[in-house]
Structures are given as C-alpha cells and as structure tokens.
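Please find my comments on this model below, as numbered points. Each takes up one topic.

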Amino acid sequence: MKKLFLNIIKFIMVFLIIISTMFIGVGCGVYKSIIDETSIESKIEEVKENSNYTELDNIYKTFLDAIVAIEDHRFYKHGAIDLVSIARALITNLENGQILEGGSTITQQVAKNIFLTNEQSFDRKIKEICIAQKLENKYTKEEILELYVNVIYFGDGYIGIKEACNGYFNKEPNELSDNEATLLAGLPQAPSLYALNNNYDYAVERQKQVIEALEKWHSKNKSNKD
C-alpha cells in the first residue's frame, strides 16, 4: 500500500512539473519588463570587473569537473532548467521525508546569485528561471560555469574560487591539488555546514561524495565518447 501511494505521489509530482513548465513562458512574459530594466550584459560585466574574477583557463580543471559532477552533472546536456533532476529530487525528498536534493541547475544558481536574493517564493523562482533562460541564450556553458565559480560562496567569508583558494590554501586557483579541488567543490552546497575553518570533518565527509560523483561523471563521459 505504501509503495502504491508513493508511486501515485511520484506520478502527480512529475505531472505537476510538466504542467508548471508550460506556464514558464507566460511567467517570463509577465516579468520581461522587470528583467529588461537591468541589463544582463552590464551586470555580468560588473561581475567580471572584480579584481578577484578568474577565467576558466586559470582554474584547475579537476575542480571544474568536480563542481559540475556534484552540483549539476547534466549541465552540458540541458538548458536553463533540468526536468530530470527536478523530478528525481522531488522523488528522493519525498521517499526520505526530508530535503536531500535540490533541482536547481548551475545556470539557475548563477541567476540567483547575481540578480536575485535568497528569498524562498514562487515569484522569485519564476524570475530565476526566466533570467536563467536569458543567460543560456546569451552565453556558452563555459561562460556560465566561469561566472558560477566566481560568485558562489565557499564559507568563512570567501566568495568565488580565488578568495577560497587564497584564504583556505594560500594558493591560486590553478595551483590546487586533486585533494584540495575535490574538497572545495563540496562546499557550495552548504557553505555554513562545510566551511573548512570550523567544520573540516564535515567537509571531508562531503568530499567523499564529490569524489564518487566525479568518478561516475568521468566514467559516463568516457563511455559516451567511446
């Protein structure tokens, strides 16, 4: 009976996700004037003018791969949103009775961190998706990933990969070891919980998940190339 109930709930959740996406276009139309008031291009340029901004070529590749693997492993395959990840997250959270996974893509997180607040509301979520769609239309995946690693919070007051590398390891982003790279990649999910200065043991446990995700990601990408 419990299994049947869960299956029914799963079906309803997936159905609601599909229906919701049909209204995203309408929602974006409503927010078009709000989004256009602040030029996306000018805001992005403002971010890039920060003295700590670091281009992808100057960031250790293992860190970049680890971030994608643990945060959004389908990043290079989906658009602004990922319905597969959203459905999986809803089902996982439902089965466990708690929030274990989120469904936001890296592009959505860029939209939230640069243009919006952390307010939890449907209104903000629609704005986030609309801006994410604009970002996907204007920028490459590599450009979006570069923005992401420069604006995310790593805990202990460090925003962006350069501050995190300088502050935690006294290194530049291209000088990381594999151990340091996978350790840092696990922090953005919950920077207060995993911040290295006070919660190193928790961060190491999270690092194990990152390494596992990275190995799966590399294996899957290799098999696809073959």
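1. The axes of α2 and α7 come within 11 Å of each other and cross at roughly 55°. Axes here are lines fitted to C-alpha atoms, for helices over the stretch in contact, and angles run from 0 to 180 degrees between N-to-C directions. The angle makes α2 oblique to α7; under 35 degrees counts as roughly parallel, over 145 as roughly antiparallel, 65 to 115 as roughly perpendicular, and the rest as oblique. The crossing of α2 and α7 is left-handed, a term for the near helix being turned anticlockwise from the far one by less than a right angle, with clockwise giving right-handed.

2. Which residues of α2 and α7 meet? On the α2 side they are Ile44, Val47 and Lys48, and on the α7 side Glu146, Leu147 and Val151. Contact means heavy atoms within 4.5 Å. By class, the contact of α2 with α7 has four nonpolar residues, no polar ones and two charged. Ala, Val, Leu, Ile, Met, Phe, Trp, Tyr, Cys and Pro count as nonpolar, Asp, Glu, Lys and Arg as charged, and the others, Gly among them, as polar.

3. The model is predicted: local features need pLDDT of at least 70 and side-chain atom pairs pLDDT 80 or more, while totals for chains, interfaces and linings use all residues. Residues are numbered from 1 along each chain as its sequence is written, and side-chain values use heavy atoms, with hydrogens and water left out.

4. The protein has eleven helices and zero strands. These are DSSP runs numbered from the N terminus (helices H or I, at least four residues; strands E, at least two). Of the 226 residues in the protein, 43% are buried; buried means under 20% relative accessible area, exposed over 50%, and partly exposed in between (1.4 Å probe, protein chains only). Among contacts with a separation of 6 or more, 66% join residues 24 or more positions apart.

5. α7 is mostly covered, with nine of its eleven residues buried. The buried residues of α7 include the charged Lys141 and Glu146. Leu145, also buried, touches Leu56, Leu64, Ile67, Val68, Phe75, Tyr76 and Ile106, leaving out residues up to four places away in sequence.

6. The largest nonpolar core has 52 residues, and Leu145 is one of those with the most contacts inside it, as are Phe63 and Ile106. Such a core is a set of buried Ala, Val, Leu, Ile, Met, Phe, Trp, Tyr and Cys residues joined through side-chain atoms within 4.5 Å. Helices that each supply at least two residues of this core include α2 (40-48), α7 (141-151) and α11 (196-225). The largest share, seven residues, comes from α3.

7. Ala69 lies in helix α3 and is buried, at 7% relative accessible area. Apart from neighbours within four places in sequence, Ala69 is in contact with Ala213, Leu214 and Trp217. The C-alpha atoms of Ala69 and Ala185 are separated by 9.2 Å, although the two are 116 residues apart along the chain.

8. Two backbone angles deserve a look. Asp156, in the loop between α7 and α8, has a phi near 55°, a positive value in a residue other than glycine. Asp156 is partly exposed, with a relative accessible area of 26%. Asn170 has a positive phi too, near 55°, and sits in the loop between α8 and α9. At 70% relative accessibility, Asn170 counts as exposed.
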